[in-house]
Amino acid sequence: MEELLYGRRLTRNELVQLGILSVQSRNIQRQKAITYAHDQWICQRCHSNIAAEDQLADGNFYCRACIQLGRLTTQDDLYHLPEPNLFRPNRQPLTWQGQLTTTQYSVARTLQRSLEQHRTHLLWAVTGAGKTEMLFPVLAQAIQANLRIALASPRVDVCNELYPRIQQAFQTTTIQLQHGRSTTPYQYTQMTICTTHQLLRYYHAFDLLIIDEVDAFPFVNDRMLNFAVENAVKRQRALIYLTATPTAHLLKMRDQKKLCVSYLPQRFHGRPLPVPKLIFQQHLTQKIKRAQLPNKLLTQLKASRRQHRQILIFLARIEQLADFARTLNQKISGQIETVHAADKQRLVKVQQFREKQTDVLVTTTILERGVTFSNIDVYVINAEDQIFTTASLVQIAGRAGRDANFANGRVIFLLEYYTRRVKACLKQIKYMNQKAGTSL
């Protein structure tokens with residue numbers, strides 16, 4: 001049972017839950033969960049400072065920052081076993097039968113060199129460029145070298161999307177999926193696909209760590225989660241960041257030569273990114289509140305239905321979804337569903353849309369990234385709303401045109417007025433199209 005502790009730092013209660021009833025092994029390392037240094041209590045799991053008000057009635061302090069993983073107090077210890085990489089030899093792990101394009105293969109080779117040289121690497125690729133497939137060669141190389149690997153993302157949806165694709169590509173490799181909603185018990189596997197929060201339970205475990213959607217909430221600008229990344233990898237490691245919309249911090253690291261960068265401004269099928277069409281509508285917010293759909297919007301939606309395309313509609317607020325869908329159901333034909341982060345049927349509804357059982361899916365920014373659909377048009381209602389950041393709008397636009405057979409999917413932004421975020425979104429998409437040498 002000790003293999004369940006390899007490369008991890010867990011509390012005694014967590015060990016008991018895993019079936020590790022004894023912590024007397026001479027190999028198990030023990031450390032106080034919360035330590036005191038420089039007049040400050042510091043959590044050793046997430047490296048957060050403990051505030052004076054975070055004191056319990058018995059006088060002990062607890063960590064508020066990582067409490068969702070289970071409460072840590074000054075009475076607790078963390079137990080650890082170093083990662084021994086006890087995996088079966090696997091000389092031909094890649095079972096994927098597809099082929100990379102010339103540009104994809106070139107990027108894949110640079111990722112392999114970063115693994116060999118233990119570098120930090122940024123892969124800046126447009127949405128739909130085939131980032132997952134470009135990872136296959138470096139993953140295969142790491143498996144052949146008996147290394148331990150993690151693919152992490154801030155979002156559960158991205159992890160759920162990645163897991164079956166990686167499983168299919170590496171059918172002889174042990175792989176597990178970990179996030180807050182996982183029901184499968186933890187296993188010691190060579191590859192882990194998890195949310196970035198789950199990395200807080202690891203300590204010097206991974207030789208290769210890949211962070212997908214590195215610019216996404218809640219990872220972006222979160223000191224605790226960035227600490228988790230650095231803590232989860234070994235001292236000699238390769239760290240790969242994936243994004244279509246790099247943060248200012250990543251671009252600064254690039255300029256300071258602190259990481260290698262690969263660019264892929266073109267989708268795998270070679271067609272340009274869809275440039276959003278802007279439709280301005282006065283008093284749009286009031287119309288939506290009164291359950292009135294502007295004629296300009298209805299015209300576009302009916303055109304999408306005539307062309308037998310599924311429709312993905314983004315709204316800024318959860319409370320808008322039900323009323324909007326109810327009104328929409330009176331105006332256009334087709335099966336209409338809503339989905340949001342707190343929806344218990346979220347995964348089922350997304351899968352039904354993917355399988356074309358649903359014609360129209362009305363959602364929030366929860367589906368802005370990490371999901372792939374085939375023949376869809378994308379709409380953003382109130383694109384001027386502050387909830388839609390530049391990165392969010394770029395990602396949303398990137399849901400359309402991903403399938404080579406349906407690369408002409410449309411993106412419609414319905415908005416009351418022009419914003420810098422919308423302008424920056426259009427500029428970035430046009431720039432990447434120009435950089436790829438495509439004609440608009």
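Tutor: I34 lies in strand 3, which covers residues 34-37. Please keep in mind that the model is predicted. Is I34 buried or exposed? Its relative accessible area is 3%. Buried means under 20% relative accessible area, so I34 counts as buried.

Which residues surround I34? Leaving aside residues up to four places away in sequence, I34 touches W41, I42, C43, I50, F61, Y62, C63, L72, T73 and T74. One of these partners, L72, deserves a separate word. I34 and L72 are 38 residues apart along the chain, yet their C-alpha atoms are separated by 7.5 Å.

This pair may be set beside the contacts of the whole chain. Among contacts between residues at least 6 apart in sequence, 74% join residues at least 24 apart.

S153 belongs to strand 7, residues 149-153. The relative accessible area of S153 is 0%, and S153 is therefore buried. With residues up to four places away in sequence again left out, S153 touches V158, C159, C194, T195, T196, D212 and E213.

Helix 5 runs over residues 223-232 and is mostly covered, with seven of its 10 residues buried. These buried residues are M224, L225, F227, A228, V229, N231 and A232. What do they pack against? Their partners are strand 1 (9-10), strand 10 (206-211) and strand 11 (233-243). At the start of helix 5, a side-chain oxygen of D222 comes to within 2.9 Å of the backbone nitrogen of M224.

Finally, we may turn to the chain as a whole. The protein chain contains 12 helices and 18 strands. Of its 440 residues, 57% count as buried. Why may the chain be compared with a compact globule? A compact globule with 440 residues would have a radius of gyration near 22 Å, and the protein chain has 23 Å, which agrees. Taken along the principal axes, the box filled by the C-alpha atoms is roughly 70 × 55 × 40 Å. The accessible surface comes to about 20,500 Å², and 47% of this belongs to carbon and sulfur atoms. As for charge, the chain has 57 positive and 33 negative charges, whose mean positions are 7 Å apart.

Key: Residues are numbered from 1 along each chain as its sequence is written. This is a predicted model: local features need pLDDT of at least 70, side-chain atom pairs count only at pLDDT 80 or more; totals for chains, interfaces and linings use all residues. Side-chain values use heavy atoms; hydrogens and water are left out. Helices (H or I, at least four residues) and strands (E, at least two) are DSSP runs, numbered from the N terminus. The radius of gyration is taken over C-alpha atoms; the globule rule is 2.2 Å times the number of residues to the power 0.38. Buried means under 20% relative accessible area, exposed over 50%, partly exposed in between (1.4 Å probe, protein chains only). Contact means heavy atoms within 4.5 Å. Accessible areas come from the Shrake-Rupley method with a 1.4 Å probe; for residues, only the protein chains shown count as cover. Lys and Arg count as positive and Asp and Glu as negative; His and the chain ends are not counted. The place of a charge is taken as NZ of Lys, CZ of Arg, CG of Asp or CD of Glu. A polar contact is a pair of N or O atoms within 3.5 Å; within protein, one must be able to donate a hydrogen and the other to accept it, and residues adjacent in sequence count only if both atoms are side-chain atoms.
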